[in-house]
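These are my notebook entries on one structure, kept in the order in which I looked things up. I went through helix packing, then aromatic rings, then charged side chains.

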Amino acid sequence: KLLATVLDNNGPYDVVHFNMGLHGWTKGRIKPGTYEPLTRAYVEILKTKLPEAKLIWASSTPVTAKDKRLEFDAEINPIIVEHNHMAAKVMAAAEVPVNDFYTLLADKRSLAKGDRFHWTGPAYKLLGEKAAGSILGAMADEVK
(Lines give C-alpha, C1' and ligand atoms only; values in the text may rest on other atoms or scores of the structure.)
Protein backbone atom coordinates (compact mmCIF):
# COMPACT_ATOMS: atom_id res chain seq x y z
CA LYS A 1 0.00 0.00 0.00
CA LEU A 2 2.84 2.36 0.83
CA LEU A 3 4.49 1.86 -2.56
CA ALA A 4 1.24 2.67 -4.35
CA THR A 5 0.83 5.82 -2.25
CA VAL A 6 4.40 6.94 -2.94
CA LEU A 7 3.95 6.36 -6.67
CA ASP A 8 0.69 8.34 -6.65
CA ASN A 9 2.67 11.37 -5.49
CA ASN A 10 5.73 11.01 -7.74
CA GLY A 11 6.69 10.54 -11.35
CA PRO A 12 6.26 10.19 -14.18
CA TYR A 13 9.21 7.85 -14.74
CA ASP A 14 10.65 6.51 -17.97
CA VAL A 15 12.66 3.74 -16.27
CA VAL A 16 12.51 2.20 -12.81
CA HIS A 17 15.54 0.16 -11.70
CA PHE A 18 14.45 -1.61 -8.52
CA ASN A 19 14.94 -4.45 -6.05
CA MET A 20 14.05 -5.38 -2.49
CA GLY A 21 17.61 -5.39 -1.26
CA LEU A 22 19.20 -7.39 1.49
CA HIS A 23 16.78 -6.52 4.27
CA GLY A 24 14.56 -9.57 3.97
CA TRP A 25 16.97 -12.28 5.05
CA THR A 26 16.33 -12.23 8.80
CA LYS A 27 14.15 -15.02 10.14
CA GLY A 28 10.51 -13.93 10.35
CA ARG A 29 10.96 -10.81 8.20
CA ILE A 30 9.34 -12.50 5.21
CA LYS A 31 7.01 -15.34 6.10
CA PRO A 32 7.74 -18.70 4.41
CA GLY A 33 6.01 -19.01 1.07
CA THR A 34 5.37 -15.28 0.67
CA TYR A 35 8.52 -14.02 -1.07
CA GLU A 36 7.28 -14.75 -4.59
CA PRO A 37 3.74 -13.42 -4.04
CA LEU A 38 5.13 -10.25 -2.41
CA THR A 39 7.59 -9.76 -5.25
CA ARG A 40 4.83 -10.36 -7.81
CA ALA A 41 2.65 -7.77 -6.03
CA TYR A 42 5.55 -5.31 -6.03
CA VAL A 43 5.88 -5.66 -9.82
CA GLU A 44 2.11 -5.44 -10.33
CA ILE A 45 1.95 -2.18 -8.39
CA LEU A 46 4.78 -0.72 -10.45
CA LYS A 47 3.15 -1.81 -13.70
CA THR A 48 -0.26 -0.49 -12.64
CA LYS A 49 0.95 2.85 -11.30
CA LEU A 50 3.63 3.39 -13.96
CA PRO A 51 2.24 1.76 -17.11
CA GLU A 52 4.60 3.63 -19.43
CA ALA A 53 7.77 3.00 -17.42
CA LYS A 54 10.32 0.38 -18.39
CA LEU A 55 11.13 -1.79 -15.38
CA ILE A 56 14.50 -3.37 -14.58
CA TRP A 57 15.03 -5.66 -11.59
CA ALA A 58 18.40 -5.72 -9.83
CA SER A 59 19.24 -8.95 -8.04
CA SER A 60 20.77 -8.68 -4.59
CA THR A 61 24.53 -8.78 -4.24
CA PRO A 62 26.38 -11.61 -2.49
CA VAL A 63 26.82 -11.56 1.26
CA THR A 64 30.37 -12.24 2.34
CA ALA A 65 31.59 -13.56 5.69
CA LYS A 66 32.40 -10.90 8.28
CA ASP A 67 36.14 -10.16 8.18
CA LYS A 68 36.54 -12.96 5.60
CA ARG A 69 35.48 -11.16 2.50
CA LEU A 70 36.68 -13.90 0.13
CA GLU A 71 34.11 -16.30 1.60
CA PHE A 72 30.34 -16.22 1.29
CA ASP A 73 28.43 -15.85 4.55
CA ALA A 74 27.26 -19.40 5.31
CA GLU A 75 24.02 -18.29 7.02
CA ILE A 76 22.82 -15.37 4.93
CA ASN A 77 24.16 -15.90 1.41
CA PRO A 78 22.08 -19.05 0.69
CA ILE A 79 18.96 -17.05 1.58
CA ILE A 80 20.00 -14.31 -0.85
CA VAL A 81 20.65 -16.89 -3.57
CA GLU A 82 17.17 -18.35 -3.02
CA HIS A 83 15.54 -14.89 -2.99
CA ASN A 84 17.34 -14.02 -6.24
CA HIS A 85 16.18 -17.30 -7.77
CA MET A 86 12.55 -16.70 -6.76
CA ALA A 87 12.69 -13.08 -7.96
CA ALA A 88 14.13 -14.20 -11.30
CA LYS A 89 11.12 -16.49 -11.79
CA VAL A 90 8.74 -13.62 -11.03
CA MET A 91 10.60 -11.25 -13.36
CA ALA A 92 10.65 -13.80 -16.19
CA ALA A 93 6.88 -14.28 -15.88
CA ALA A 94 6.37 -10.50 -15.79
CA GLU A 95 8.80 -9.93 -18.68
CA VAL A 96 10.97 -7.64 -16.57
CA PRO A 97 14.68 -7.72 -17.47
CA VAL A 98 17.13 -8.53 -14.67
CA ASN A 99 20.43 -6.91 -13.84
CA ASP A 100 22.27 -9.80 -12.22
CA PHE A 101 24.25 -7.93 -9.59
CA TYR A 102 24.88 -11.17 -7.71
CA THR A 103 26.80 -12.81 -10.54
CA LEU A 104 28.58 -9.55 -11.33
CA LEU A 105 30.20 -9.53 -7.87
CA ALA A 106 30.25 -13.22 -6.90
CA ASP A 107 33.73 -13.78 -8.29
CA LYS A 108 34.94 -10.34 -7.19
CA ARG A 109 34.68 -10.87 -3.44
CA SER A 110 38.06 -9.20 -2.98
CA LEU A 111 36.10 -5.99 -3.62
CA ALA A 112 33.86 -6.63 -0.59
CA LYS A 113 34.20 -4.27 2.35
CA GLY A 114 34.45 -7.07 4.92
CA ASP A 115 31.28 -6.25 6.89
CA ARG A 116 29.13 -8.83 5.03
CA PHE A 117 26.85 -6.49 3.10
CA HIS A 118 28.83 -3.57 1.68
CA TRP A 119 31.35 -3.23 -1.08
CA THR A 120 34.26 -0.97 -1.96
CA GLY A 121 34.28 1.86 -4.48
CA PRO A 122 35.45 -0.29 -7.41
CA ALA A 123 32.56 -2.72 -6.86
CA TYR A 124 30.04 0.11 -6.71
CA LYS A 125 31.55 1.46 -9.92
CA LEU A 126 30.86 -1.91 -11.60
CA LEU A 127 27.30 -1.92 -10.27
CA GLY A 128 26.78 1.68 -11.35
CA GLU A 129 28.07 0.98 -14.85
CA LYS A 130 25.78 -2.05 -15.14
CA ALA A 131 22.75 -0.10 -13.89
CA ALA A 132 23.49 2.96 -16.03
CA GLY A 133 24.01 0.83 -19.12
CA SER A 134 20.69 -0.95 -18.72
CA ILE A 135 18.83 2.27 -17.92
CA LEU A 136 20.32 4.07 -20.91
CA GLY A 137 19.51 1.05 -23.07
CA ALA A 138 15.90 1.09 -21.91
CA MET A 139 15.68 4.81 -22.58
CA ALA A 140 17.16 4.35 -26.05
CA ASP A 141 14.51 1.71 -26.75
CA GLU A 142 11.90 4.34 -25.81
CA VAL A 143 13.28 6.74 -28.42
CA LYS A 144 13.24 4.19 -31.26
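Predicted model: local features only at pLDDT ≥ 70, side-chain atom pairs only at ≥ 80, totals over all residues.

**Entry 1: terms and model.** I take contact to mean heavy atoms within 4.5 Å, and I take helices (H or I, at least four residues) and strands (E, at least two) as DSSP runs numbered from the N terminus. Residues are numbered from 1 along each chain as its sequence is written, and side-chain values use heavy atoms, with hydrogens and water left out.

**Entry 2: helix α2.** The 15 residues of α2 should span 21 Å, and the end C-alpha atoms are 21 Å apart, which agrees. For burial I use relative accessible area, with buried under 20%, exposed over 50% and partly exposed in between (1.4 Å probe, protein chains only). Which residues of α2 are buried? I find Y35, E36, T39, Y42, V43 and L46. Seen down the axis of α2, these buried residues fall within an arc of 125°, so they line one face of the helix; the arc is that of the directions from the helix axis to the C-beta atoms. I then looked up what covers the buried residues of α2, and the cover includes α1, β1, β2 and α3 (77–94).

**Entry 3: aromatic rings.** I pair rings of Phe, Tyr and Trp (its six-membered ring) if their centres lie within 6.5 Å, calling planes under 30 degrees apart stacked, over 60 edge-to-face and the rest tilted. By this rule I count 5 aromatic pairs. In one of them, F18 and Y42, the ring centres are 5.2 Å apart and the planes stand at 80°, so the pair is edge-to-face. Because F18 lies in strand β1 (residues 15–18) and Y42 in helix α2 (residues 35–49), this pair ties together parts that are 24 residues apart in sequence. F18 counts as buried, at 6% relative accessibility. The rings of Y42 and W57 have their centres 6.5 Å apart and their planes at 80°, so I note this pair as edge-to-face. Here Y42 in helix α2 is linked to W57 in strand β2 (residues 54–58), 15 residues apart. W57 is buried, at 2% relative accessibility.

**Entry 4: salt bridges.** I define a salt bridge as a side-chain nitrogen of Lys or Arg within 4 Å of a carboxyl oxygen of Asp or Glu, and I find 4 of them in the structure. One joins K49 and D8 at 2.8 Å, N to O, and it links distant parts of the chain, with K49 in helix α2 and D8 in helix α1 (residues 2–8), 41 residues apart. K49 is partly exposed, with a relative accessible area of 34%. Another salt bridge joins E129 and K125 at 2.9 Å, N to O; both residues lie in helix α5 (residues 121–143), 4 residues apart, about one turn of the helix. E129 is partly exposed at 45%, whereas K125 counts as exposed at 53% relative accessibility.

Conventions: Expected span 1.5 Å × (residues − 1).
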